[in-house]
Amino acid sequence: EDCRLYLSTDLTVNLQAEVPGLKSDADACKANVSTLLGIRDSAIAKQMAHIDGVDIPYVYFTGLSAEVASQKLHDIIGKATSADQTLQDLSDDLAVANASYHSADAACTTTVGHWQEKSCMLVTAIDAEIEAYALCRKEEGGLFEEVWLNESAKVGIRKNDYAAYKKIQCYINVLNATDLAKQDTLLGTCSDQAISMDDLDLI
């Protein structure tokens with residue numbers, strides 16, 4: 001069995017391709033949320049600064065003529081109206097900034113969660129692959145050792161069979177020889193023949 005098949009499965013390959021893009025999206029949305037938070041905080045600060053800066057003087061009308069009292073009253077109303085309109089505009093700006101921030105923050109929470117989920121899946125998948133690969137190597141190692149011992153026990157038998165085969169071939173050549181002198185020579189060769197069996201040894 002090829003234990004490498006337990007590594008780089010389709011699941012981990014797909015997750016490894018997907019996770020970097022999800023991390024990039026998460027980083028981008030967090031940066032956007034931070035920017036929108038700054039805009040919202042700025043809108044709040046502008047609104048508070050305007051409120052603190054509203055200056056409508058308190059006027060005593062006692063003893064004033066109708067004409068003077070009327071003019072001062074119009075001035076106060078004008079300042080109050082202008083301050084109120086500015087406050088409304090700033091409140092509208094704050095409402096928009098606040099809505100944009102909360103919307104982006106909620107979406108970013110989902111994006112970051114998706115990235116974290118896939119990242120955890122990738123880590124779990126890689127751990128499972130490593131465990132399966134290690135188990136395979138352990139089992140394959142035990143199987144290899146068992147086969148080695150079995151084959152080693154058969155080496156002696158194979159060597160004896162091979163030596164006998166070579167001897168038989170040699171004696172057949174003796175029988176096939178038509179000249180008695182040649183037969184004697186070949187027979188002596190067969191008796192003294194050294195047969196190499198190095199190739200039958202297990203490496």
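Buried positions in helix α1 are Thr 12, Leu 15, Val 19, Leu 22, Ala 26, Cys 29, Val 33, Leu 36, Arg 40, Ala 43, Gln 47 and His 50 (buried: under 20% relative accessible area, exposed over 50%, partly exposed in between; 1.4 Å probe, protein chains only). An α-helix has 3.6 residues a turn, so residues three or four places apart point the same way. This is a predicted model, in which local features need pLDDT of at least 70, side-chain atom pairs count only at pLDDT 80 or more, and totals for chains, interfaces and linings use all residues. Residues are numbered from 1 along each chain as its sequence is written, and side-chain values use heavy atoms, leaving out hydrogens and water.

**Helix α1**
- The 44 residues of α1 reach 65 Å from first C-alpha to last, close to the 64 Å expected at 1.5 Å a residue (1.5 Å times one less than the number of residues).

**Leu 64**
- Leu 64 lies in the loop between α1 (10-53) and α2 (helices are DSSP runs of H or I, at least four residues, numbered from the N terminus).
- Leu 64 counts as partly exposed because its relative accessibility is 32%.
- Not counting residues up to four places away in sequence, Leu 64 touches Ala 69 and Lys 72 (contact: heavy atoms within 4.5 Å).

**Confidence**
- The protein chain has an average pLDDT of 84, and 91% of the residues score at least 70 (pLDDT: the predictor's confidence in each residue, from 0 to 100).
- Among the chain's elements, mean pLDDT is lowest in helix α3 (residues 180-192), at 81, and highest in α1, at 92.

Definitions and conventions: Helix = DSSP H or I, 4+ residues; strand = E, 2+ residues; numbered from the N terminus.
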